[in-house]
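Open the model in your viewer and keep the selection panel at hand. The stops below go one by one.

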Amino acid sequence: MTKSALITGITGQDGAYLAKLLLDKGYKVHGLVARRSSDSRWRLREMGVEGDIVYLDGDMADACSVQRAVIKSAPDEVYNLAAQSFVAASWDQPVTTGIVDGLGVTHLLEAIRQFSPHTRFYQASTSEMFGLIQAERQDENTPFYPRSPYGVAKLYGHWITVNYRESFNLHASSGILFNHESPLRGIEFVTRKVTDAAARIKQGKQQELRLGNIDAKRDWGFAGDYVEAMWLMLQQDKADDFVVATGVTTTVREMCQIAFEHVGLDYRDFVKIDPAFFRPAEVDVLLGNPAKAQRLLGWKPKTDLQTLIRMMMDADMKRVAKE
Ligand code: NAP
Ligand code: G4F
């Protein structure tokens, strides 16, 4: 029997990779899409799946539309990827971030509870919940200490997922994913900002790159690897929480070095530090321990940071050349 999946946030980076993965596995894929005045389906086109998806209008802030999407798609599996996901913007829009990333999760869980309790649910939780880290390597037992309105909203989404699992016996899992990137990453996130700028500088279309705290450290993986972990979580008999990470942490500075070196440049000649890109409260370092995902899901990251950044650089070099 063909399985039905509903993906919220299908037009985002992870939504595009996950839609491709599920379509390749034979799923009927539905996508909840919020109304936008400009085209938001470019990533789905890049993945070659734009025409293979059933689109359902809706917004995570609007409980009625979320409920309608659940009823219409009659999903075996729901992947809740929709979010205001840019940490820096969450200080400018704390209420919207709280509603979409926090309460929106309850809209979805409540629709599943009432209309489709057999549906398996995935919540896109985040390493940002660890924030001011309470252990050198963060795993499922590490206490949370979010440092941004985004982290706080996502912590609500995480705990309401755990709560609905425990209260109503829903198959609801939370993936605590560390940073993951790809050529489809939004341009505002630091990896894409760097690879796009390095490509422009190499091709004489930009002179410098302005960044904030380049001593921050992140555990960066490849989005294509991480969506496999999402799917694996929903194939387990028992719903649970899983950290998904590479177990390696790197500074933004070192990431710049990898990107610029790949096109024969020295980042130190072009990167300027700009206080405008520092955050009101920083997450200085994240380093995940994915041992549980390896043990129970059989999941391991396949792509190291050098390979990932080179893949992003090559894609940006081609794109910038065509502009
Ligand atoms: P993304 O590229 O920013 O995609 C976010 C998606 O959410 C987009 O499709 C966006 O639609 C949609 N969305 C935003 N507001 C909405 C609303 N009010 N109603 C319905 N849809 C809405 O994010 P991503 O990198 O793919 O991440 C996917 C999820 O994983 C997010 O929840 C993020 O917080 C979480 N996460 C990401 C990472 C990471 O490193 N990438 C790590 C941990 C957790 P538009 O395109 O129309 O704006
Ligand atoms: O690329 P970033 O904006 O990602 P951030 O804040 O770690 O959040 C991403 O990963 C989270 C998982 O941990 C997700 F939940 C979240 O949705 C998102 O996908 O920033 C990474 C680091 C930060 O420490 C930031 O201060 O890079 C530092 N940075 C330095 N200069 C910069 C810049 N970040 C951005 N975006 N732009 C800069 O100019």
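How many Å separate the centres of domain 1 and domain 2, taken over C-alpha atoms? The separation is 26 Å.

This is a predicted model, in which local features need pLDDT of at least 70, side-chain atom pairs count only at pLDDT 80 or more, and totals for chains, interfaces and linings use all residues. Residues are numbered from 1 along each chain as its sequence is written, chains are lettered from A and ligands numbered from 1 in the order in which they are written, and side-chain values use heavy atoms, with hydrogens and water left out.

**Stop 1: the domains.** Select 4-180 + 221-244 for domain 1. Then select 185-219 + 248-286 + 303-321 for domain 2. These bounds come from an automatic or database domain assignment.

**Stop 2: the interface.** Domain 1 brings 21 residues to the contact and domain 2 brings 16 residues (contact: heavy atoms within 4.5 Å). The two domains bury about 1800 Å² between them; this is the accessible area (1.4 Å probe) lost on being put together, summed over both. Carbon and sulfur atoms give 57% of that area. Now pick Phe-86, Trp-91 and Arg-147. They supply 27% of the area that domain 1 buries against domain 2, more than any other three residues.

**Stop 3: the salt bridge.** Show the side chains of Arg-218 and Glu-128. They form a salt bridge at 3.8 Å, N to O (a side-chain nitrogen of Lys or Arg within 4 Å of a carboxyl oxygen of Asp or Glu). The count between domain 1 and domain 2 is 1 salt bridge.

**Stop 4: the cavity.** The structure holds 1 cavity of 30 Å³ or more. On a 1 Å grid over the protein atoms alone, a cavity is a set of points where a 1.4 Å probe fits but cannot get out; lining residues have an atom within 4 Å of a point. Select the lining, including Val-87, Trp-91, Glu-128, Arg-147 and Arg-218. At least three lining residues come from each of domain 1 and domain 2.

Note on methods:
1 Å grid on protein atoms, 1.4 Å probe; cavity = no way out; pocket = protein on both sides within 12 Å on 5 of 7 lines; lining within 4 Å. Points joined across faces, edges and corners; volume = space filled by probe spheres on them.
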